[in-house]
Structures are given as C-alpha cells and as structure tokens.
Amino acid sequence: MTTVAERQDEEQPPLPRSRWRTLAIPDRYREWAGIAAVTVTVAASYIVFAAWQWSQFTVKSWDLSIFAQLLSRYAALQPPIVTVKGDGFNLLGDHFHPLLALLAPIYAIFPHAFSLLVIQAVCFAVAAGIFTRAAQRRIGPAVGVLLGLAFGLSWGLQYAAEAQFHEIAVAVPLLTASLTAVLEKRWRAAALWAAPLVFVKEDLGLTVVAIGVLIAFQARKPLGLWLAAWGFGWFALATLVILPALNPNGAWAYADKANPGAVLSDLAALFDPAKAETLLLLAVITGGLIVRSPITLVLIPTLAWRFLSTNHGYWGPDWHYSAVLMPIAFVALLDAIERGRGSRWAWLRQYSGHGAVIAITSALLLQPGLPLGTILSPASWAAPDRAAAATSVLDAVPAGASVETDVGLMSYLVDDHDVYWIGNTNPTPDCILIDPVAGGTPGEWGDVLAIAERLHPGTTYALTYRDSGYELACRSEDGAD
C-alpha cells in the first residue's frame, strides 16, 4: 500500500533534460569565474609592476634589450642578429630559443620593449589559470582559487618579473599544461605540451627527458620514452651542433660554466647558503609535501645544472632561473595532497589534507619581502630624481641614429635605434650615451668624450647633453673616421 506522499512523488513528471543542464551550469560558471579571476589578477599584478619599473627607469640587465632586438628582427622577417650582443651576432648562437619567433606578430603590432614585459605577464597569468583549473577540481573551487593565486604570485615568478623579460616566460605555461595533464593521466596531451620546451631554451631538453621518464614510469607506455629521446636529442643537437655553429667563438657559450668537478671538489660551493635558500623556499611553499610526489623529479635537471655550475648567480632564488620550478613544485603539491588521502598513516592523511592551506599561508607570509611588495607604497611611485634628465637625454638622441651605450637606458633606445653595448668591439656609432651612475660604464674610462676617443680614435664627437650623470656625445658634422 502506497502513501499519499509516495503517490505524489510518482505523479511528479521528470524534470526536462534542459532543466538538468541549467542546474549544472552554475558550477561550470563558478569554475571558469575562478580561473578568470586568477588569470586577470596575476596578469594585472605583473603588468602594473612592469609599468612601475618602466616609470622608474629600472633596468636590471641588458636582456630586455636583447630580446626586443631579437623580436624586431623576427618581426621584419630577418635573421636574429642582435647588435647589443655584438656586431653581426646571431642570438641563436647564445641560447637556443627559436620558439620565440611565434611572438613576432605581437611585436610587429606593438613594437616596444615594454610589450615583452606584458607578454611575460600574460604567460605567467595563463599558467596560473591552467593550474587553478586543476586545483579547483581536486581541492574545491574556493581553495583552488587561493592556491592558484599562490602559484601566480609565487617567489619564482616574481623574481623573474623583477629580472624583466626572458625566454623562460614561454616555458612556464607549457610546463604547467604538461604537468597538469600528467596529473590527470592525459599522457598524449602531457607529451604534446612538453615537446615544444626544447625550442624555448636548450637546458629544457633535459626537463623534457624527465617528463618523458615520468610518463613512461606512470603510464607504462612507450610514449614517455619517445618524449625522453626527443628531449635528449634536441639538447644534444642544440649544445653540440647548433649553438657552436652559430656562436662567433665556435662553442656553446655557457659550457665553461658547467663544471661539476670544480663544484663537487669545493665544499663551500657545494653547500653554499644560496642553494639552501632556494631549496628551503621550495619546501616552504609546498609544506614539504612535494617529497611525496614523483613529479618532483622533474625539478632535478634545472636544479642540477644550476647548483653544479660555477656561476654563483645561478644558485639563489632570485633572477629568472626559478620560474620554471614553480609549475613543477605546485603541481607536485596537488599530486601529494591527492596521494596523502590514501596514506596508511593517519597523521599524514591529516597533514596532507591541510597541504593547500599551508601553501597558501606560506605564500601570503612571503609576499611582503617579494618584488611586488615594492609597489604597494604610494611613495614608490614618485618620479625618481633623474627621471627628467633621462627623458631629456633620450629626446636628444637624433631619430634613427645608431647608439653605443651602457645598460642604463639601453631598453629605452632599442625601439627606434640601432643599439650597441659599449663593452663590445662595435662599428663607429652616430652617438655614444653613458650613465656612469647606474649603467655600468667603468668610472676610470672618463667622460663620454674620453670614451669616444678610447673606443673610436680618429672620429670626432661633440658633447650634446650632460645632466645628472647622463652624458651624450654625437658625431660632428665635419667628423672624420
């Protein structure tokens, strides 16, 4: 005998199929809203930071100028000859990064060095969006968004933004997409996203090898071995053939810095505090849980070439060298959280369950000491003391003139001038611009006229501008070579 309630339930017609779809849509909207929020926040943060750097005439190195010249050549469908590195220098003889040619159409539309900083910001933001999608599906929408922000504003990406544009910006979204596909057991997608990394920078071929081994181990399919062979093949081809062939010295320019024997025989170098700081930060942002994930093994190639190098600049967490570590560390964290749920130890299950909160809290505590914290003070946006002089000296450079200069204002000249670095042997330029205060020109070289005589004897230059340390001299109309 059925009750009245049961009869009423039986009499209710089933909901139309379209209504069920309607009820499911909000979850999808929430997911994509979270992804969009993280992507926009990360992109805006780095673009604002780049605008602050640009307004402050902050130039970390000559690298932004180098890549601006590279893309200007690609945009003009010319070989990548970068005069900042040297007269006639083919930049594919310095590092192997042909994939950057894909950015040429963007640079052709926005031919400005600042455009590269925007491109890098977008690359980091896209990677954060990809990671957020994976995080939301594993640890929930709200926590996934917060962990996505922790990834997007992580120390490795912030230090890379502070160092301005480098080719590894393109590697960050590719690596994130590949490793999240590994996490989701989409092996073919993981391989396809990883494969182009060999064309971003030569050392990333070894990272592709590690991803290939990871896929082979987890999927038990030959696809991973093929990917590993692809990565190692391009690493060998780039470092042994392509780079030496295109480098003026006939060798891989960075081979002398890869000297494991020297580092391993020197305990002070082997256990340098800068290396410990890098490892500590990796542990802190993941609560130490990354040791539970095999994805962590993908860190090894990058950490190995950095820590076994004789170049001290590779060891610490700053500059751009740790940017590619962030996708590996955070995806490994997601994997470790998931693995922790099935642990036989109750304490590990409980700790893993708090892994995302630990990572978010750690990221939040680190923020005040990271580069983005610099721009939070209104006083930091005040025009620097030499801003007016910098603008005036740039305006004083004749349109289209070739310029030999130091690092100080180099990035502000490459858009519409042929630029040479003052430390190379260069053809005689139309103008010489120096900034002994912050540009790196040795003080013992004297003023700009003394430098002109030192570097280009027999050519007459006249002082055009001098103020606040900036000095500009251009060839006299009656000057002779």
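E471 has a relative accessible area of 11% and therefore counts as buried, where buried means under 20% relative accessible area, exposed means over 50%, and partly exposed lies in between, all with a 1.4 Å probe and protein chains only. Its salt-bridge partner is R466, with the closest N and O atoms 3.6 Å apart, and a salt bridge here is a side-chain nitrogen of Lys or Arg within 4 Å of a carboxyl oxygen of Asp or Glu. R466, at 47% relative accessibility, counts as partly exposed. S468 is found in the loop between β4 (461–467) and β5 (470–475), helices (H or I, at least four residues) and strands (E, at least two) being DSSP runs numbered from the N terminus. The phi angle of S468 is near 55 degrees, a positive value in a residue other than glycine, and S468 is partly exposed at 33% relative accessibility.

The model is a predicted one, in which local features need pLDDT of at least 70 and side-chain atom pairs count only at pLDDT 80 or more, while totals for chains, interfaces and linings use all residues. Residues are numbered from 1 along each chain as its sequence is written, and side-chain values use heavy atoms, with hydrogens and water left out.

The structure holds 11 salt bridges. One of them joins the side chains of E184 and R133, at 3.9 Å from N to O. Because E184 lies in the loop between α8 (168–183) and α9 (187–194) and R133 in helix α5 (residues 113–139), this pair ties together parts that are 51 residues apart in sequence. E184 is partly exposed, with a relative accessible area of 22%, and R133 is likewise partly exposed, at 25%. Another salt bridge links R138 with E338, whose closest N and O atoms are 3.4 Å apart. Here R138 lies in helix α5 and E338 in helix α16, so the pair ties together parts that are 200 residues apart in sequence. R138 is buried at 17% relative accessible area, whereas E338 is partly exposed at 33%. Through shared partners, salt bridges join R133, R138, E184, R186 and E338 into one network.

How many aromatic pairs does a search of the whole structure find? The search finds 20, counting rings of Phe, Tyr and Trp (its six-membered ring) whose centres lie within 6.5 Å, with planes under 30 degrees apart called stacked, over 60 edge-to-face and the rest tilted. The rings of F57 and Y412 have their centres 4.9 Å apart and their planes at 35 degrees, so this pair is tilted. Y412 is buried at 13% relative accessibility. The pair F151 and F330 is edge-to-face, because the ring centres are 5.5 Å apart and the planes stand at 80 degrees. F151 lies in helix α6 (residues 141–152) and F330 in helix α16 (residues 325–340), so the pair ties together parts that are 179 residues apart in sequence. W54, F57, F114 and Y412 form one aromatic cluster.

Charges also meet rings. The charged end of R220 sits over the ring of F217, 4.9 Å from its centre, a term that requires NZ of Lys or CZ of Arg within 6 Å of the ring centre and within 35 degrees of the ring normal. K275 lies over the face of W315, at 4.4 Å from the ring centre.

In the loop between β1 and β2 one also finds H417, which is buried at 10% relative accessibility. The side chain of H417 makes a polar contact with the side chain of D416 at 3.3 Å; such a contact is a pair of N or O atoms within 3.5 Å, where within protein one must be able to donate a hydrogen and the other to accept it, and residues adjacent in sequence count only if both atoms are side-chain atoms.
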